[in-house]
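Thanks for coming. I will take a few minutes to walk through one structure, so please have the sequence and the view open.

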Amino acid sequence: MENTVGYIPFLLLGILLYTSVLTFPSVRSNGFRSRFSPLVPIVSFFYFLFGFDGSVQTTTVWDHSLLPISITFQIDGLSRLFALLITGIGSLIFIYANGYMKGAKYVQRLQCFLLLFMLAMLGVVLSDDLILLFIFWELTSISSFFLIGFKNEDEASRQSALQAITITGMGGLIMLGGFIILGEIAGTYSISSMSSPEIISQITSHGWFVPMLILILVGAFTKSAQFPFHFWLPGAMKAPTPVSAYLHSATMVKAGVYLLARFSPVLGDTPVWNIALISFGGVTMVYAAFQSLFRTDMKSILAYTTVSALGIMVFLLGLQSSDAIAAVSLFILVHALYKASFFMLAGTIDHETGTRDISQLGGLGKVMMPLFAIGILAAWSNGGIPPSVGFLGKDLIYESTLHHPAWAYVFTGLSVGTNIMLFAAGLLVGWLPFRGTRSHPSVTLPHWSLWVPALLLALLGMIFGLFPSIINNGLINPVADAIAGTEQNIHLKLWHGFNTVFYLSLITMGVGFLLYNLIRPGAKLLSFIESAEHWGPKRILHALANEFVGVSSWITMTLQNGKLRIYLLVILGFLVSLLGYVVLSDTNFVIDKEQLTNITIYEGITVGILFISVFLTLFSGSRLAAVAAMGVVGYTLCIIFVFYSAPDLAMTQFTIDTLTVILFVLVLYRLPRFIRLDFSARHILDGIVAISVGALMTVISLEVLQRTPEREISDFYALNAYVMAKGKNVVNVILVDFRGADTMIEIVVLTIAAIGVYSLLKLRLRKNEKME
Amino acid sequence: MRSLFLMNILLTLIWAALTGKFEFSNFVFGFILSYGVLWIITRDTKRASYFTRVPKVIGFLLFFIKELIKANIQVAYDVVTIRNYMKPVIIGVPLDAETELEITLLANFITLTPGTLSLDVSDDKKTLYIHAMYVEDKEAFIESVKNGFERRLLDILR
Amino acid sequence: MIAHIVIWPILLPLITAIVLMFFWNNSRIQRVLSTVGHGLTFISSFWLAMRTFNGDILTLTPGNWPAPFGIIFVADALSGMLVLLASLSAFAVCVFSIVSIGKGRAGFGFFPILQLLLMGLNGSFLAGDIFNLYVWFEVIIISSFVLITLGSEKAQLEGAIKYVTMNLLASVIFLTGIAMLYGLLGSLNLADLSIKISESNDHGLINIAAVLLLVGFGIKSAIFPMYFWLPASYHTPPAAVSAIFGGLLTKVGVYAMIRVFSLLFIEDEFIRNMLIILAVCSMIIGALGAIVQQNMRKIFSFLIISHIGFMIGGLGLFTPLAILGMVFYLFHDIVAKTNAFLISGLIFKLRGSFRLENLGGLYNRYPFLSIMFALALFSLVGTPPLSGFWPKLFLLQASFADLNWWLIGGIVAASFLTLIAVVRIWLAAFWKKHPDYEAAKKRIVWYDLPRYQKIILLVPIAILTGASLFMGLNAAYIADVCELVYTQISQPQTYIDAVLTNQSNIP
Amino acid sequence: MSTNDYLYLVILPILSISVLLVFIRFIIGPGISDRVVALDLLITIGIGIMSIYAIVSDKASFLDIAMIFALIAFLGTIAFSYYLEKRRRDD
Amino acid sequence: MTDFWIITLSTAGALFALLAAVGILRMPDFYMRVSVTTKAATLGVGLILVAAAFAFDHFSVTSRVLAIIIFILLTAPVGAHMIGRAAYFIGVALWNKTKTDDLKGKYDKRTHKLK
Amino acid sequence: MNTIILKTASKYLLPLLLLFSIFVLLRGHYLPGGGFVGGLIAAIAFVLHAFANGLENTQQLMRIHPGFLMPVGLLISAISGMAPMLLNKPFMTGLWKSDPVPVIGSLGSALFFDIGVYLVVIGATLTILFTISETR
Amino acid sequence: MEILLAITIGLLYAAGIFLILRRSMVRLIIGLILLGNGANLLIFLLGRISKGKPPIIPEESKVFLDAYADPIPQALILTAIVISFGLQSYAIILVKRAYRVTKTDDIEELTTTDEI
Ligand code: NA
Ligand code: NA
């Protein structure tokens, strides 16, 4: 089976191609093509079932020296189990979805995103490269966003989708940070290369290990709905049931678990890892199990039990003992089987009766015998009653908590408590609706596609329990190997004899059954439990989010306040402080009078006039006087140009200055007068900024004047102006020849300005042209 | 037609003077250039000949310079001494000048003379309003304008 | 003529603009000729870019005066790529304008000025002389002034007052910097200045020039705290105009900073740290602004500020990876932002509003468009494997390698907030039901358009989305170009040699 | 004392003083029309200064600036007059 | 000889310019300021220009000087007329000792026509 | 403004100033002047005419819209810049006629370039000023 | 004299900045113009000033026989002046048009485009 891994890229590409094929016919036609969609996961399932045996295979498709990514896929036991769950449960979900969505709008769209999602999940579990994994990870977030928001016109759906992508998106980014550190300290982005002992010790002993681990854990926890990020998952139940069944039982939420399992050999069994996983997993499993008990919506109950189950998995991964690893390896499978059945069951009941509220349902067992069977079988497995595979799972869980060196009682107690509640919750979904008086008399057994897939999964749970050897070596043991990073030896047995674990299981069942009988969820309990959630993390995070938006708009409105003066003050203040800093720290000023020329009386008078005119522009109450004074400023500059050998400049400055004044004058009589404002504090502030800039400019220019000027280029011009460029007015030669391109561009500027003036004054839009 | 030609020649000369090159080619170029300029700006106007008027022009200029110096001295005296001797008025002077050129030249020469300033011409072109600084007798002033500048000017122009 | 390839991306828009001005009143001919002109410019830019991607630095000296005496146009890989992308964006915008710009604006110079704006952009990217760069900047700002006010709607004029004032201030500051450089070193040629600065020991004064250019270019590239003009004005002109502005104008400032701070002011710790601080602030402030806005175009405007931070951050780090990321991001962002604004324009055509509360129902009504839009929008976020992802990855790597926690935090936070901003648009415009469809119908022009015009409106978005996908999926190619850019800008000597010794590539 | 010295030390100061005097009128106004006349006179005297400067520095090209000064002074006066007639009464 | 002309002409010119400057400062009303200054300054500047012509003693300079003088002679009175008229129109007050005002009430404020 | 004095003066000033502007343009290569100043003077000439005679009269006199001068000028400049490219020399390389031409001096592409500048400056300045004057 | 000019430059920058911080659009434009003048003078001064030596080659000579003022700053300023003229004309008209449309000359009232 060496070469089978080489087909993985083609498989993924094939799925993508089929997805896009599905996209292209009109979305409104739920045609023909969509009927073949289940074939995609089915084919993939058999590929993973028969193509691999749990041994490690790797293929590199593409690599690049610059991009920190190598498209490398690796499959081992862990990946294979996930791939099988993804494609196997996927196959059944697709069949189920075809029945469930019959006649509905946008079926093809749903299938598209489901397939895309499947592709993404496969990518996550098959990638050997951190970045590649991250890419697929993000794709799961995006595609699940579209799936959760599938009923896009429903406000609640949109909010749930937003919530989901907010949390998983944030988690993903944080995780990427962790990945990058991991890649940097490992010196490679290849996950498989990290598990060599040298690199592991290099990683775990590195100074950034703890921050890196925390970042990665945040990513995994958010995706796997660990407390306190758990609430997006129950919220995501707004999606159509096939979506919930797929995303939230078998696949997406387990991506986080997969990630933890995947990194367990490298990062696991370190203090931070253990403490974090055990505590977060522990809290999640108890809290969510408790929450699930008081719900009336079947999907809501299932959502919370899912969160709780995820908590158990994280908790087990935190324990890191061989027992725990064996337990989590099996529990991943167990949970997928019964939870998918449960979801499909809930969906079918909803589909047929129009409600998922268990307080509204009853007596359905009589007409929906196969569904009742599903309910019983799934609850059986969920409850860990022998001989289901659930029993094996529970067995291993208790085994591992009991053997914890330090906290055995606490952990066992927590596990038992969780399982008691989960047991009761399972009965609420799998048993309660079928018993008692019949609530929906007209309901009959639906089309086979709505129950056969679930029944198949539920039966599998029983078969695997009865014959654990089917899965022991081929499926579960390689998973444990991968998680532990070493050879594991798992022997799944249905019967271990009358040991502590067995008694604990009995207690679980007994108390759980008692609990089931004590609790009948209704409006009262629901409101009680929701008030618990009221002050829970959801509430807090929502409040934080609102607060954040509030603060953001405050910041935005404070900074972007619409006042040009403030904007300019900020910019100029920034300029002044930067310049001031450099001037004070980097330059020492000595003004050498030798270098400077004397002031003659004419220059003095000219500059004096200039000064007075500037003050006139500043403080004159008449606009016209200000404009005229501005003109005088220009004229005096012009005189300065004359004094200092710049006749061309003088001519141009003089002409243009006058034209500007004329322009002002022409425009001015249509403008209002100056706003007269009394002298105020703002004048002082403005004055300080203005004077600072001015003073800095003076100081800086004096400093520059102390340096010897470089005249190399001017000398070149002077030498060549006549000889090569045939002109004697060097300024003009520069303008039309040496630097002619500047002039070319400059007349373009002038042209554009003229067009701008023309259009500003002449263009009157017709009504339909406004806001184009 | 003739006045256009004259104008053309005049401009050609000015061109040559400006460029400072009295070569044949420069005259030709100046001629073509001013021809072009005239072509651009000329609307139909009729002009009298300039030829016979040269001596009168010289005479007029001499008169003008005399007036200029006389008036400047008067003003200068007034400016540099502390006491003000001014007796300003605004006087409407009835015009014999008819064409726009005549009126304009008259008004300008009056303005160029210190102490007097042509403020405006009535819209029917019959009256020239002058601000004058030293007027003892209104009638005498009007008479001096009409017999002085206006008569001499019209002599040249007509 | 082929040897003159460096100048064609400048000359072709100029010639087209001149020709268009002769057809001042014939907007139909203008639309056709302008598109043809942009097409030709794009072809010549493509040609030029391909030649620079070989690693050659092409130069052309207008007037045939050797540098540093004459002006020189220089095309290295960075310039080549930017010219290519500018021409591509301008072409897309021009096609979009064929339909979206009405007779009123077309009859008052829209198309020629669009050409001249492109000329200014290409010129800025190719300028090898700092005063010449200034003049190109002026072409850009005056064309942008005219385009932003073309139509003289109230919001346009209000926004323009701020836009104009701050950009003119930036020009003055830039000019002040040039005065300093010339006064100190007596040269304007960038390569020559580079040599002279490295030989000079006037660190204080040279730093002052650096600060002046930093602020001048900072205003133009809208980095914190100099960005205020951008959100005040970018949402006011027609969508086509916002598109070219959003895609390219701030990038010219960034380009200028890259050029100046890699070639002239190479090793100054103070400036580098300053840049990183400003970058992080821009990222955060821009992103915070984006998540609270209601106007789609204002969201994009604030995102521009935020994403400029990524580039400036890369410039501040100035490690190989950081430069790789910065340049890649620059390339990506040109396409992504142009596209985003074009999409907002198309949504306006479809729904008659830019405001989120007035939009809705696009997803169910126009599923295929929605997919295209989604690709464009998520590439803005940097969702892998779309084009924004790779540069962000490089930048993150670079920041981690440098242990720059501020930058890391900034990049992560800004990316996250960008995601939220884009998802908000998606929820409001695409998923939500239209709040009042009957009332909005009056403002919707889409239905009145003939089929071919609808297609014309879609083509540019498809082109740009395609370009974005190309950059994302073919990241290796872009990364190779970026590496070449890195090699060239990290070794100013190659640039200097190309400018000062290989006088002209004319045979 | 050479002619140049004379021009430089006597004539230019006289003209400069004239400029100052006129500038006082420019400042005190009182009306805008007074300022316009003052400006016109400033430029006219400027032409004189320019001419003297041309003689002193032996650069005839400054006379061309004088020509442009004359042209501009005229234009400015005309423009202001135009404005004064057309404007609203309240400035 | 050249120097003599230069000195004489420039001195006279400068004095006339000074006269204009003093005049504009001393005259009690706007119209008299215009009256005084236009000509004094024109004369003064004209003299200085002639001095320049002597100084350079070159045909191109002389002709340019002539052109400038003609131009000034042409424009100065027109300018004075324009500003004087505008001032009167907007009601710039006459000196209180002004004896007669024939223009009074002759302007139509709306059409700017003069009777 | 309805003053015959100004009207009459402007009639004579216009050709004088236009001539002067061309003079300034042509000698720019040797002495102060050139396309910019020349163009500005020409523009001022027309502006003065417009002040005296009203905008309509001036525009009638010019026959074409001043804005038209901008593309014409740009075209002349661009062509003079691109002509060397036909000889496979870089953009804007100076081309000179070997013998000097009377009056103007050496005849080269730079002169045509300056003429282009001259026209653009006239066109732009007049477009700006005229547009303002005619807009109420 | 350099000191005086340097102070002039400082004054022009300061005045320009003070004016662009005012509320009146007209003052804003005047401020921008003063800033432009300041920058031009700065280029001029930093290019070093020299008296009476215009960079024009004497009539009978092919090269300068004497010292000459640096022509480059002059050419740069010339370009800058013409460009500023274009920009300033545009800005003046913009102000006029903005006043007509928004009915206010008070810049602080122009805040609508910055609202969320
Ligand atoms: Na790689
Ligand atoms: Na050349």
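**Buried charges, chain contacts and a sodium site**

I will begin with one residue, E:Arg64, which is buried at a relative accessible area of 10%. Before going further, please keep in mind that this is a predicted model.

What does E:Arg64 pair with? The partner is D:Asp64, and the two side chains form a salt bridge with an N to O distance of 2.9 Å. This pair crosses between chains: E:Arg64 sits in helix H3 (residues 59–90) of chain E, and D:Asp64 sits in helix H3 (residues 61–86) of chain D. D:Asp64 is buried too, with a relative accessible area of 3%.

How many salt bridges does a search of the whole structure find? Over all chains, the number is 34. I will go through some of them.

Take G:Arg22 and A:Asp686, whose side chains meet in a salt bridge at 2.6 Å, N to O. G:Arg22 is in the loop between helix H1 (2–20) and helix H2 (25–46) of chain G, while A:Asp686 is in helix H28 (residues 681–705) of chain A, so the pair joins two chains. Are these residues buried or exposed? G:Arg22 has 9% relative accessibility and counts as buried because the cut-off is under 20%. A:Asp686, at 0%, is also buried.

Next, a pair inside one chain. B:Glu67 forms a salt bridge with B:Lys70, and their closest N and O atoms are 3.5 Å apart. Both belong to helix H3 (residues 54–80) of chain B, and because they are three residues apart there, about one helical turn separates them. B:Glu67 is buried, with a relative accessibility of 17%.

Chain A also has a network of salt bridges, which links A:Asp297, A:Asp350 and A:Arg356.

Now to the chain contacts. Of the pairs of chains that touch, 13 in number, which has the most contacts? That is the pair of chains A and C. The contact takes 105 residues from chain A and 124 residues from chain C. About 10200 Å² is buried between these two chains, and carbon and sulfur atoms account for 77% of it. On the chain C side, C:Trp65, C:Phe69 and C:Trp431 lose the most area to chain A, and together they give 9% of what that side buries. There are four salt bridges between chain C and chain A. One pair to look at joins the side chains of C:Lys433 and A:Glu153, at 3.8 Å, N to O.

Chains B and F also touch. Here 27 residues come from chain B and 21 residues from chain F. The buried area is about 2500 Å², with 72% of it from carbon and sulfur atoms. How many salt bridges are counted between chain F and chain B? The count is one. B:Glu100 and F:Lys11 meet in a salt bridge through their side chains, with an N to O distance of 3.7 Å.

Some chains do not touch. Chain C and chain E have their nearest C-alpha atoms 32 Å apart. For chain E and chain G, no contact joins them, and their closest C-alpha atoms lie 13 Å apart.

On to the sodium ion, which is ligand 2. Which residues coordinate it? They are A:Asp737 through OD, C:Gly63 through O, C:Trp65 through NE1 and F:Gly94 through N, at 2.5 to 3.0 Å. A:Asp737 is buried, at 4% relative accessibility, whereas F:Gly94 is partly exposed, at 26%. C:Trp65, one of the sodium donors, was also named for the area it loses to chain A.

Last, chain A as a whole. The domain assignment gives domain 1 (278–521), domain 2 (599–672) and domain 3 (725–772). The C-alpha centres of domain 2 of chain A and domain 3 of chain A are 24 Å apart.

How confident is the predictor in this chain, and where is confidence lowest and highest? Chain A has a mean pLDDT of 89, and 96% of its residues reach 70 or more. Within chain A, confidence is lowest in helix H22 (residues 523–534), at a mean of 76, and highest in helix H31 (residues 740–762), at 95.

Key
Residues numbered from 1 in each chain as written. Chains lettered and ligands numbered in written order. Predicted model: local features only at pLDDT ≥ 70, side-chain atom pairs only at ≥ 80, totals over all residues. Heavy atoms only, no water. Domains from an automatic or database assignment. Donors = N, O, S within 2.8 Å, 3.2 Å for Na, K, Ca; no water. Buried < 20%, exposed > 50% of the residue type's maximum accessible area, 1.4 Å probe, protein only. pLDDT = per-residue confidence, 0-100. Helix = DSSP H or I, 4+ residues; strand = E, 2+ residues; numbered from the N terminus. Contact = heavy atoms within 4.5 Å. Buried area = accessible area lost by both parts, 1.4 Å probe.
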